[in-house]
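This report describes a protein structure for a reader who is new to the subject. Please keep the sequence and the model in view while reading.

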Amino acid sequence: MSDLLIALTVGAGSASSLLLGAFLARFWRGGSAFIAGLMALGGGALLAAVTIDIIAPAVSAGHLGLLLLGAVVGGGLFEGLNGLLNVRGGFLRKVSTSLGYLRQIQRREREGLLRDLKRTTLLSGIPDREVALVAELFTEVEHEGGDRIYSAGDPCNHIRVVMDGRVDLIHRDGVVEAIDRGGMFGHVSFVMDRVHTTTAVAAGPVRVLRLDRSDLDAKLEQLPKLARRLEHVEEATDAPVANVPPDPPRGIFEGVGADDWHALTSEMFWKEYESGHVFFQRYEATDRLYFVVKGRIRLVHPDRNRKDTKIGPGDALGGLNFVVGQPHRSTAVATEPVGAWVLRKRDYEQLCAQRPTLAAFARGLLGQESSRDGKVAELVIDALATHPQWEVAARLGVEGQAAQLPSESSRARASNHGAPLAIWLGLLLDAIPESLVLGKGVATVATTYALLGGVFISNLPEALSASVGMARRGYSQRRIFVLWAAIVVTTTVGSVLGHLLLADASATTIAFIEGLTAGAMLTMIAETMLPEAANSGGRLTGLWCLAGFLLAVSLGRLGA
C-alpha cells in the first residue's frame, strides 16, 4: 500500500470515531464520568504521542530552536482562533471551554466593576484592597423592562451598580437621571441613611449588582478608610464661621438643661448650603436637625391652602419630627445661601442612651405631638434607639410602597443562535493539528500507531457529548451526521496534505512544522481535553490519563 493511501486511511480512521460518537448519542443514557474518563484516556495518549514521538526526535536531531519557535507559533495560532470561536459561541463545545470562557467574562466584568467603583464619589481615593473587598460583596440581580427596583419613600439599604442596560430615576412624573452601564445609584441615600427620594425603574432588561447594608457593615472592620469616609461623609469641609449657639434656639430644645445642651452641641458640625438646596422632602425620614445661623429656608406644605413657613437664623429645622421619629410632612428648600449647625439622628440617639435627663426631656415632648392614629404618645425614645428610622416611620403610617426586590436569577447567557455551528467549527479547529501530525507520521509507523490510537479515543467522547447538545438545540440526526462527516473528510484531507507537504521537506522545515503542530496540540490538550475530563471525571481522571499515556507508548512500541 502506498504512503499516500496509508495517509488517507489513517486520517479517515482517526476521525471515524466522530461518526461513532454521533451514532451512540442517539441511544446514550450513561453518565458523564465515563465520557470524561475516555477524554482523559485520549488526552494521555496524545500527550505521549506528541512529547515522545514528535518533540523528542526533533530535539535529538538538534533542531530545538526551530521546534520551540514552531511550538510558540502553533500554540498562539490555536489560542487566537479558539478565542475568535469562543466569542461566536464555540466555547459551548465542551464543559471546560464553557467554564473557561465564562471565567474570562467574569474576570473582565470584575475588572470593569473595580474601575467603575474607583470612579464613584463614595470609593474614589479608597485603597485598591478595600475597593476589591467591597466588590466581592455585590450580588447580581436581573430586572425586566418596567420593573420597579425601588420607590420613593422606601428605606435605602442597598447600593446598586448597573452592569447592563439602563435604569431611570424618576421624581414625580419625570426622569431626572438615566443610569447606564457602570453607573452607581442609591449610594447617596445609603450613606446618609435616608429613604429614597426617587423611584428607580428598569428602562429595559437590566443587570444590576447590589450591595446590602448588612454585608457592608459586617466588613467595615476590614475597611478602615471607607468606614472613616462613611462616618464623616457629611461633616463640614469649610472652617466654622459662627460659634455653636450658647443657648438652645427657639423651638424644639427650649427648656433643655444646660449640661444636656452642651452635650448636644459637642456632636454638631458646621455645614453651608447653596441657594436652592433641598434639605428634605415630604415623607423622608427625619435623620438630621438643622440649627440655622444664617440664610433663609422655605417649608413648602402639600396643602395649598396653607401658607409656606419661613425658617431663619435662630430657628431649628426639623423640629418635633426629629425627636419623635416621624417623617417630614413638608419639603424644605434654601431660598438663599444657608449656614447651619447639624445634629445627626444617630448621634442624638446615642446621647439619649447615655444621658437619662435628655431622654426624659424627649419623652416629655412625645406628649405634645398627636399622631394620625393616636399611637405616637406610646413611642418612647428608647424604641428609637433600637429600631431603624424607616421602621419607626412605618409604625407611624408612612405612605409609600414597599420595595420590590426581585429574586436572584442565575446567569443564562451562554445561548447563541449560531452556537451549534460554532461548536462544530471548534471541534474542526481541534482536529486540524491532529490530522497534520498523522499525515507526517506515515513515514514513521511507530508515530502513526501512537497518534492514531490517541486521536481515535479522544474524538469519541467529544462527538458523543457534542451530538447530544446539538440534538437538544433542534438539529436533526441527518444534519448532525453530515457535520461530523465533513470533519472526517477535512481530517482525511489534512492527513494527506501533511504527508505531501513533509514528503520532500528539509529537516529544518520539518522541525518547524512539527513544532507548529505539537504546540497547537499541546495547547488544545491542556486547555480543552484535560480540564474537560477533570470537570466531569472526578478523582480517577489522573489514572485515566496515565492509562492513555501508557497505551500510546505501548502502541508505539508495537509499531516499532
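How many bridges pair β11 and strand β16? Strand β11 (residues 288–294) and strand β16 (residues 338–344) are paired in the antiparallel sense over six bridges. The model is predicted, so local features need pLDDT of at least 70 and side-chain atom pairs count only at pLDDT 80 or more, whereas totals for chains, interfaces and linings use all residues. Residues are numbered from 1 along each chain as its sequence is written, and side-chain values use heavy atoms, with hydrogens and water left out.

Strands (E, at least two residues) and helices (H or I, at least four) are DSSP runs numbered from the N terminus, and two strands pair if DSSP finds at least two bridges between them. Strand β11 is mostly covered, with five of its seven residues buried; buried means under 20% relative accessible area, exposed over 50%, and partly exposed in between (1.4 Å probe, protein chains only). Strand β14 (residues 316–317) also runs antiparallel to β11, joined by two bridges.

| Residue | Opposite residue | Strand of the opposite residue |
|---|---|---|
| Tyr-290 | Leu-317 | β14 |
| Thr-139 | Arg-210 | β8 |

**An open sheet**

Four strands form an open sheet in the order β1-β8-β3-β6, with antiparallel pairing. β1 (139–143) and β6 (184–185) are the edge strands, each with a single partner, so one side of each has no neighbour in the sheet. Between β1 and β8 there are five bridges.

**Nonpolar cores**

A nonpolar core is a set of buried Ala, Val, Leu, Ile, Met, Phe, Trp, Tyr and Cys residues joined through side-chain atoms within 4.5 Å. The largest has 26 residues, and Leu-117, Leu-123, Leu-216 and Leu-226 are those with the most contacts inside it. Helix α5 (128–136) is among the elements that each supply at least two residues of this core; the share from α5, five residues, is the largest. A second, separate core of 21 residues includes Phe-253, Trp-261, Tyr-348 and Leu-358.

**A surface patch**

Leu-4, Val-489, Val-493, Leu-497, Leu-500 and Leu-501 form a nonpolar surface patch with about 540 Å² of accessible area together. A salt bridge is a side-chain nitrogen of Lys or Arg within 4 Å of a carboxyl oxygen of Asp or Glu. Accessible areas come from the Shrake-Rupley method with a 1.4 Å probe. Helix α17 (residues 477–503) gives the most to the patch, five residues. Leu-497 lies in helix α17 and counts as partly exposed, at 43% relative accessibility.

Notes:
Patches are made of residues with over 30% relative accessible area and no salt bridge: like charges are joined within 9 Å, nonpolar side chains (Val, Leu, Ile, Met, Phe, Trp, Tyr) within 5 Å.
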